[in-house]
Amino acid sequence: MTNKPKADSKKKPTHKSGYVAIVGKPNAGKSTLMNRILGTKLSITTHKPQTTRHQVLGIHSNEHAQLIFLDTPGIINPKYELQKAMMRFVNKAEKDADVVLFIVEAGEDNLPEYAFDSLKHLQKPVILVINKIDLKPKDEVQQLATKIEDMHRFEDTVLISALGGEGIPSLMEAITKYIPEGPPFYPKDELSEHPVRFFVAELIREQIYLQFHQEIPYSATVSIVQYDERDDLDYISADIIVNQKSQKGMLIGKGGKAIKKLGMESRKTIQEFVGRKVFLDLHVKVREKWREKENMVRYLGYN
Ligand SMILES: Nc1nc2c(ncn2[C@@H]2O[C@H](COP(=O)(O)OP(=O)(O)OP(=O)(O)O)[C@@H](O)[C@H]2O)c(=O)[nH]1
Ligand SMILES: [Mg+2]
């Protein structure tokens with residue numbers, strides 16, 4: 001055979017595509033990390049644990065790769081139906097992923113055994129990510145990493161500050177190693193696949209976490225009833241659903257003061273997100289013990 005094709009001297013760069021699950025205890029900084037990588041606020045973040053309740057998908061694309069991140073609720077020992085649904089999102093993300101990021105915050109001193117349960121049987125690479133390294137001295141961070149490396153077989157360890165950005169390029173490099181070759185799954189300019197009303201409900205929920213205390217954030221969920229893109233503004237009507245009657249009064253506040261503030265702050269962040277003027281109409285409804293009822297949890301969007 002003489003017509004053998006000439007070997008290409010410049011090897012064509014290959015394209016990689018795959019899924020990256022972000023898991024770990026509540027408040028470890030999972031959503032902050034995804035937002036940092038995407039360069040935009042896609043997933044809500046607060047100082048309170050159990051902020052994220054869904055699997056939130058965020059797409060990072062460049063010329064050579066498309067990494068689809070799955071932000072998940074913090075790993076807990078579930079007590080009621082809503083928390084069980086939250087843990088199903090974690091398990092599903094781990095199952096769908098090509099590589100799993102296990103996030104631990106620097107200063108963590110109580111990592112329960114159950115946090116590793118779902119990782120144990122995963123036949124895929126898990127990267128240990130120590131976050132919030134801006135808060136602790138280097139030697140303490142290193143000691144923690146060594147301790148956790150003994151608790152599970154990790155493919156790699158990366159130290160980062162999701163908030164400050166330190167270590168993010170190394171993390172991206174470590175992730176890409178485990179992503180298979182393949183064409184992009186989404187158009188390169190796409191950032192997510194959730195509808196706008198999902199993010200709007202999340203932004204209202206974020207304000208509930210920021211403005212209310214104790215059980216209220218954990219007892220409330222938000223349902224978008226109407227979303228009209230009008231000529232001059234987006235008209236949004238949303239229900240805030242609470243678990244018991246007494247919580248309704250707290251959400252509304254004296255003379256409606258609390259709900260007014262909630263509406264004002266939510267509207268600001270929603271306007272920023274959609275990039276246009278918003279009219280937001282909020283109503284509080286009671287669905288007794290909705291968190292404990294599987295059908296209600298599902299009906300309210302946690303499925
Ligand atoms: N100092 C510091 N704070 C951080 C860092 N990353 C996240 N945080 C803060 O930690 C808190 C929790 O961050 P989230 O991103 O909401 O944490 P999460 O893991 O998504 O939490 P859940 O959704 O509740 O599971 C927020 O107040 C963040 O600002 C970091 O690198 N350094
Ligand atoms: Mg989160």
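The structure is a predicted model. The chain contains 10 helices and nine strands, and it is divided into domain 1 (16–177) and domain 2 (196–299). A nonpolar core of 69 residues is the largest in the chain, and 24 residues surround ligand 1.

**Overall shape and packing**

- The C-alpha trace of the chain spans about 85 × 50 × 35 Å along its principal axes.
- Of the 303 residues in the chain, 35% are buried.

- Domain 1 covers residues 16–177 and domain 2 covers residues 196–299.
- A distance of 27 Å separates the C-alpha centres of domain 1 and domain 2.
- Nine residues from domain 1 and 13 residues from domain 2 take part in the contact.
- On the side of domain 1 that touches domain 2, four residues are nonpolar, three are polar and two are charged.

**The largest nonpolar core**

- Val20, Ile22, Phe102 and Val129 have the most contacts inside the largest nonpolar core, which has 69 residues.
- Helix H6 (residues 196–211) gives the most to this core, contributing seven residues.
- This core lies between domain 1 (16–177) and domain 2 (196–299), because both domains give residues to it.
- Leaving aside residues up to four places away in sequence, Val129 touches Leu101, Phe102, Ile103, Val158, Ile160 and Leu171. Phe102, one of these contacts, is itself among the core residues with the most contacts.

**The shell around ligand 1**

- The closest of the 24 residues that surround ligand 1 are Gly29, Thr32, Thr45, Thr52 and Gly74.
- Helix H1 (residues 30–38) supplies three residues, the largest share of this shell.
- By class, the shell around ligand 1 comprises 14 polar, seven nonpolar and three charged residues.

**Glutamate 94, a buried residue in a helix**

- Glutamate 94 is located in helix H2 (residues 81–96).
- Glutamate 94 counts as buried because 20 other C-beta atoms lie within 10 Å, and the threshold for burial is 20 or more.
- Not counting residues up to four places away in sequence, glutamate 94 touches Ala21, Val23, Val100, Ser118 and Leu122.
- Leucine 70 is 24 residues from glutamate 94 in sequence, and the C-alpha to C-alpha distance between them is 8.8 Å.

**Two glutamines with positive phi**

- Glutamine 50 has a phi near 60 degrees, which is a positive value in a residue other than glycine.
- The loop between H1 and strand S2 (56–61) holds glutamine 50.
- Glutamine 50 is classed as partly exposed because it has 17 C-beta neighbours inside 10 Å.
- Glutamine 214, also not a glycine, has a positive phi of about 50 degrees.
- The position of glutamine 214 is in the loop between H6 and helix H7 (216–219).
- Glutamine 214 is exposed, because 9 other C-beta atoms lie within 10 Å and the limit for exposure is 12 or fewer.

Definitions and conventions. Residues are numbered from 1 along each chain as its sequence is written. Chains are lettered from A and ligands numbered from 1 in the order in which they are written. This is a predicted model: local features need pLDDT of at least 70, side-chain atom pairs count only at pLDDT 80 or more; totals for chains, interfaces and linings use all residues. A residue is near a molecule or strand if its C-beta atom, placed from the backbone, lies within 6 Å of it. Helices (H or I, at least four residues) and strands (E, at least two) are DSSP runs, numbered from the N terminus. Ala, Val, Leu, Ile, Met, Phe, Trp, Tyr, Cys and Pro count as nonpolar, Asp, Glu, Lys and Arg as charged, and the others, Gly among them, as polar. Domain bounds come from an automatic or database domain assignment. Two residues are in contact if their C-beta atoms, placed from the backbone, lie within 7 Å. A nonpolar core is a set of buried Ala, Val, Leu, Ile, Met, Phe, Trp, Tyr and Cys residues joined through C-beta atoms within 7 Å.
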